[in-house]
Amino acid sequence: MSIGDPLDSIQQQYSDPKHTYVPWCAAKPFGWGTSRKIWTNRTEGCIKGRFGFVKSVNGEVTGTATFEFQAEMKLYSDEIGWNTAFKFRIVDASGEAATEPIYLTVDDSCSLDCKKNGPRSDSGNLWWEYGLGDHHVYSMSQIWNWGESRPSDLAFLKWSMRGEIGGVMSSNDTDVTSGAEAQIRCDSTVPQAYPGCVFDRYKPTYVMNSKKFPAAAAHAWLVQNKLPGHFGSKTLGTPLTYLGSNVMSASDPTKKQSTANREVICPTSWPRNQDVTLSPELNEGTRPRTTGRPATSSPSPPATTAPAWQTDTTRSPPVTSACRPTPRRAATASGTCCPTPATRCPSGTRSAAGPPSPTTRTPSPCGPSDSSSSATG
């Protein structure tokens with residue numbers, strides 16, 4: 001016995017503004033069986049799939065219940081906290097589970113140096129009567145903070161569920177984890193920048209306008225395709241990596257390696273080529289200008305640095321959320337701050353008030369908003 005709601009209706013059920021931090025997640029497919037799918041960009045993650053419970057009496061299976069779930073993770077590259085949402089509903093039941101009440105318990109946890117910032121908020125209840133057409137979505141959301149006990153940390157999220165069918169505890173427990181594909185990296189690597197968090201495995205891209213800057217694009221193509229290292233090639237899986245500002249040159253320990261690199265690429269004695277038809281984008285100024293992006297010592301750049309890939313694709317635009325971790329910085333930007341401390345204002349300013357209380361974690365007058373500075377990622 002199973003249900004088949006229209007796709008647009010299902011997406012709407014999983015898009016409650018109070019518990020939505022990654023708006024594009026609802027449109028992603030759930031998959032089949034026990035397979036789970038993960039999508040991430042630099043600061044947004046989405047996990048979708050199914051989990052189930054089995055009722056057994058005297059060693060014999062008498063019923064099963066299957067649920068679809070959607071997990072959302074919204075990170076911030078300039079803050080030490082993030083938002084999560086976890087939503088699920090029953091989609092199939094067999095045997096006694098099709099006619100008996102089903103009750104679930106759910107808990108969320110985080111590995112290593114992270115902790116909850118206040119209690120979770122939720123919508124809906126955790127019991128279903130499938131045979132009576134009860135297929136509602138239960139939603140919960142939580143604010144998390146990184147403890148900053150080390151310069152850099154990897155965090156993994158987990159949601160654990162237990163089931164009860166007709167008053168009998170299920171013979172199995174189940175859980176959903178972020179796994180390696182959606183592991184969170186928080187760090188304070190970049191000096192004079194706010195610590196922050198990003199998805200460690202995601203490799204952002206740098207967009208180059210090959211029509212406006214043909215010489216620069218040709219140079220990037222040569223680096224990607226002709227040099228042995230194929231630096232910055234997405235096709236060959238060799239992204240650029242970030243060279244921290246505290247790395248000193250091996251040949252001159254008094255000089256930063258980034259400075260030494262730029263002196264090689266852009267020497268001050270380099271005369272400008274007067275043939276502007278070769279590189280018209282250099283028609284202004286007295287000498288060529290280069291970006292001087294250093295190669296890096298870590299596989300992913302901090303959140304405050306330029307993206308890693310040199311390709312012609314863009315990063316996803318920032319997305320909004322109704323509630324976000326308490327900011328570390330003071331509200332010095334212009335604009336009117338929202339009355340609730342855990343929300344982002346339409347103008348982009350943030351409240352400097354203290355941690356949000358449970359009563360402030362409801363949709364604010366600002367409404368849901370989309371947003372995404374030191375985290376290496």
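User: Let's start with C46: is this residue buried or exposed?

Analyst: Buried means under 20% relative accessible area, exposed over 50%, and partly exposed in between (1.4 Å probe, protein chains only). C46 counts as buried because its relative accessibility is 0%. Bear in mind that this is a predicted model, where local features need pLDDT of at least 70, side-chain atom pairs count only at pLDDT 80 or more, and totals for chains, interfaces and linings use all residues. Residues are numbered from 1 along each chain as its sequence is written, and side-chain values use heavy atoms, with hydrogens and water left out.

User: Which residue does a disulfide join to C46?

Analyst: A disulfide here is a pair of cysteine sulfur atoms within 2.5 Å. C46 is joined to C25, with an S to S distance of 2.0 Å. The two cysteines lie 21 residues apart and link distant parts of the chain: C25 is in the loop between α1 (7–13) and β1 (37–40), while C46 is in strand β2 (residues 44–57). Those element names come from DSSP runs, numbered from the N terminus: helices are H or I with at least four residues, strands E with at least two. C25 is also buried, at 0% relative accessible area.

User: Why is the disulfide of C25 and C46 called right-handed?

Analyst: The torsion about its S-S bond is about 70°, so the disulfide is right-handed.

User: How many disulfides does the structure hold?

Analyst: It holds 3. C186 and C197 form one of them, with S to S at 2.0 Å. This link is right-handed because the torsion about the S-S bond is about 110°. C186 sits in strand β13 (residues 184–187) and C197 in strand β14 (residues 196–199). Another disulfide pairs C110 with C114, their sulfur atoms 1.8 Å apart; with -100° about the S-S bond, that link is left-handed. Both C110 and C114 are buried.

User: What joins the side chains of N83 and Y76?

Analyst: A polar contact is a pair of N or O atoms within 3.5 Å; within protein, one must be able to donate a hydrogen and the other to accept it, and residues adjacent in sequence count only if both atoms are side-chain atoms. Such a contact, of 2.8 Å, joins N83 and Y76. N83 is found in strand β4 (residues 81–95) and is buried, with a relative accessible area of 0%.

User: What is the mean pLDDT of the protein chain?

Analyst: pLDDT is the predictor's confidence in each residue, from 0 to 100. The chain's mean is 75, and 68% of its residues reach 70 or more. Over residues 286–299, though, the pLDDT is below 50.

How values were computed: Contact means heavy atoms within 4.5 Å.
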